[in-house]
Amino acid sequence: MVIWTLAFGCCTIPIVGWVSDRLGLRYVREWYSSLVIALAFIPYILLIRLVARVGVVVYPIPSLFHSILTVDMVSVFFILPILIVGFASSIYSTSYMSHDTGLNSYYTLLSAMILGMIGVVSAGDFFTFFLFWEVMSISSYALVAFRKDRWEPVEAGFKYLVMSSAGSALMLSGIAIVYGIAGTLNFAGIALAMRTPVLASDPWLILAISLIIVGLGIKAAIAPMHTWLPDAHPAAPSPISSLLSGVMIKTGVYGLLRFYILFQTLHAYWSLILSILAFLTMFIGNLTAMFQTDIKRLLAYSSIAQIGYITFALSIGTIQSISAALLHVFNHAMMKGLLFMAAGAFYHATGSRDISVLEGVGRRMKLTGVILSIGLLAIAGMPGLNGFVSELLIVSAAIQQELYLQAALTIINFVISVAYYLRLLQRIMLKEPRSDLSRVEEAPATMIAGMVILASLCVFVGVYPSMFISISELAGRVALDIGSYITSILGG
Amino acid sequence: MSLPILIQAVLTPIVLAPIVYLAGRRLSHHVGWLAFAILIHSTAMILMVAGSEYLEVYSWVPRMGWDIGFKLDGLSLPFALNIAVLSTVIAVYSIPYMEHRIGDRPGEYGSYYALYLLYAAGMLGAVLATDLVEFYIFYELMLIPSYLLIARWGYGERERIAFMYFLWTHIGALALLASIVAVYWVTGATSIEVVKTILRNTRIPFQLEAGMATAMLVGFLVKMAVLGLHVWLPHAHAEAPTPISALLSPAMIGIGGYGVIRIALSFFPRFFTAYSLPIALWAFLTMLYGGLMALSQDDIKRLLAYSSISQMGYLLFGISSVNMLGVSGSILHYLSHGLGKGILFMIAGILIMQTELRSISRMGGLASKMPLTALSTLIGFLTLIGLPTTSGFISEWMIFGGVIRSSLASGSMDKLIVAILGLLATMLTAGYGLWTVRRVFFGSIPKHLEEVREGSVIALTPIIALAILTFVIGVYPAPILDRLTQTVMLSLNLG
């Protein structure tokens, strides 16, 4: 099981780190951490094969609330980007973090965060969900504020901590109300209970769902709950930024997707709220990103906008739209992970995140520059790269439901976003380098390696999207098929 | 089994682009010859199958029904040929020009030619594509390299201009994409042929058809830069490095016209018939505007850019006739405009190389110093004007013939008036063309130009090759024209 591998890693990284420090061996801890994440791919592949065979895999966890982990196609689909970006950022960290102290806790927290995310997407009941949710959140607070000797990360981390735990608390109250109504925390059990009209029409349910949407929305940075993100993502160390922006905010999306389907009877309500919030998120994210001078802040706002696209696709609620949203989750994880790593490489080399200082740096750091360009063109939706495929599918799903206005608004957002991505590309790659960049050198090999993994996936999915489209469509189909989800967990 | 021929023509430049980039470090400006060889190969591949209709299809995303296909028929042949020939000869022309532009920064030649190859491949792919999604991909693939080429090696405020160019074209492309998606949901297919058949055989509400056609038309007309959607063109064409201007204007913008004919017109003939008059009027205004603006320019590249807008008006004018004569005329006009404007932009480049000037008012009397250049300029403009025995004559004759025939057939007096006004507007072309030749090449030589010499052989050879080609097509258009009219008749069902 993937989680056990990572849990083993969490427990052993500090020991390995401590021992290697004592023995004076460098980089043992770093490579060990990457190795653990890489090893997690083996149980993951076995898991895929199992899921492909039986549909839903159930792992009971002996505890108070009959906790279970249920892994179906949707969970499997979400675990993939978590592992890939996690692995890439662990490799990337090797040189990025090499001048920092407290690396034992850094790598422990890193794998704890990955563990938490995987747990969230494979939880089978609210208790387990919330448990892993907190594991993920707490380790990410600590990682955001990791460079605690400067004020910015501490402030951002604190803001994130306050907002996110408020969100968790709201979500917990929502969960409590749901428990009161349905009498169970098990997802399948709740879905079954929702088939009883009396329960499903309970007015408290609306409150519960609103609370859960707010809780999840804070994590997913859906406007107007997004304000922590532009502070926290830039302040974190870059590999962490790419994990946060690339995959962690997607756990919020996962929650929305899962619960959207659980509370079937309230679909109209969900759809309305989600689509309004989605457009708010897109416009706020894109319009604010245009005015950013800090490269990582720009990317952070762009993440908000991308969450808007995904939320919009979720709100449509057809198989096409859900699979488009899933594919975009994967694609955005690759692109944004890549972009944050490239921004981090520039920061590492120049010590600045200010775009006006970074002008022309792409000409000094050619390889990183090319990788950044791939990421920017991909996220701008240029055909031949992965972003295009999923953005096309999102618009396509909207037009299929005859949501012409919404499709047009989404396209307008694509245009706005192209404007700032392109300007960033232009300033980093084409401007004459400033004289004070003359001593800048290409990023170290491990950082390049981390980025190349993601960049090659961007290109691969763009050129050969067939496989990923099929998988996401399968996952979308599974996600909407609540009937067989209930049967396979609760039996007959 | 079909031999992979056309896919070679399109993919070889893409695959070899990184190699050209790397080779650029070693070979410096000589890497242009490598790009030339690659494009010769592509041209040869196209010529190899030019004899008859030829189709290759590869499965790409079977789940969504997306294919990658390449089709060379009478309709795509003039386009593919023009693009292949122009990009090949301009690769040679780029060698002296980019040496002049880049100078002794040997690292940059590789990136220039790599982007150049991608750009050429994007254009070729777009006109050979058989699938709407594939078409869109190539349509955008020509945008990105050209954007980078302008932003990197252009003149003036090149970064802002490139940015504007990108945004305008990209917004158009997104409108096109929206329309493609809508077409997909109406018909359930993305293959151009299949969609066409389905749309022909189903009655969809006219309002929906008009919506889809309008979005598509906007997408293509931005690329064609017709009046109102033309804002980016004079800037981009004037400030791009000249070999790229010589590809942008003669080869690329006409692909918008190709899209209108191959896709929009064949999908929505009812829309075009219904709105024939407004489209003709729009085209006429574009001709007029481009011609008048060209008359008032002093910068030679801007003059040529406005002339391109005006010429795209002719293309649209021919399309607005919605009959075989007019539409075939448009396509042939793409070819003759491509040859003529290709010559003229390259000449503008030679003038820049030899005199470091772009301002026409500061030139004069150059014919005695640069006789070959002067002669080619004249040929270029005469092609645009439509002198008999150049290819421009046949195409313009067909365009106006087509429009007049359609106005007679429909009995529409208004359309006939527009057609006659359009005919009169061709005098503008003669006006700015011949006047420019006079101002640049005749009269007395200003003092600062007394040392000017004829352009280099490598720069002049491509120009002369194109000049000969305009006469060849002008005198003996049958091989292209026969197949063109046949395809237009059969595949577009036009009489």
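Axes here are lines fitted to C-alpha atoms, for helices over the stretch in contact, and the angle between two of them runs from 0 to 180 degrees between N-to-C directions. Keep that in mind for the views below, all taken from a predicted model.

**View 1. Helix 13 and helix 14 of chain B pack at an angle of about 160°.** Helix 13 covers residues 276-295 and helix 14 covers residues 300-320, and their axes lie 7 Å apart. Angles over 145 degrees count as roughly antiparallel, so helix 13 of chain B is roughly antiparallel to helix 14 of chain B. Their crossing is left-handed. On the helix 13 side, look for residues including B:F284, B:M287 and B:Y289; on the helix 14 side, the partners include B:Y306, B:I309 and B:F317. Sort the residues of this contact by type and you get 14 nonpolar, 8 polar and no charged.

**View 2. Helix 11 and helix 15 of chain B pack at an angle of about 170°.** Here we have residues 242-267 (helix 11) and residues 324-355 (helix 15), with axes 7 Å apart. That angle makes helix 11 of chain B roughly antiparallel to helix 15 of chain B. This time the crossing is right-handed. The residues in this contact split into 13 nonpolar, 9 polar and 1 charged.

**View 3. Helix 7 of chain B runs from residue 158 to residue 187.** With 30 residues, helix 7 reaches 42 Å from its first C-alpha to its last, close to the 44 Å expected at 1.5 Å a residue. Helix 7 of chain B is mostly covered, with 23 of its 30 residues buried.

**View 4. B:S179 sits in helix 7 of chain B.** Is this serine, B:S179, buried or exposed? B:S179 has a relative accessible area of 2%, so it counts as buried. Leave aside the neighbours within four places in sequence, and B:S179 is in contact with B:M212, B:A215 and B:M216.

**View 5. A:L110 belongs to helix 5 of chain A.** Now we hop over to chain A, where helix 5 spans residues 103-122. With a relative accessible area of 0%, A:L110 is buried. Which residues does A:L110 touch, not counting those up to four places away in sequence? They are A:S33, A:S90, A:L143, A:I240 and A:L243. As for A:P433, 323 residues apart from A:L110 along the chain, the C-alpha atoms of these two are separated by 35 Å.

Key
Residues numbered from 1 in each chain as written. Chains lettered and ligands numbered in written order. Predicted model: local features only at pLDDT ≥ 70, side-chain atom pairs only at ≥ 80, totals over all residues. Heavy atoms only, no water. Helix = DSSP H or I, 4+ residues; strand = E, 2+ residues; numbered from the N terminus. Expected span 1.5 Å × (residues − 1). Buried < 20%, exposed > 50% of the residue type's maximum accessible area, 1.4 Å probe, protein only. Parallel < 35°, antiparallel > 145°, perpendicular 65-115°, else oblique. Left-handed = near helix turned anticlockwise from the far one by under 90°. Contact = heavy atoms within 4.5 Å. Nonpolar A, V, L, I, M, F, W, Y, C, P; charged D, E, K, R; others polar.
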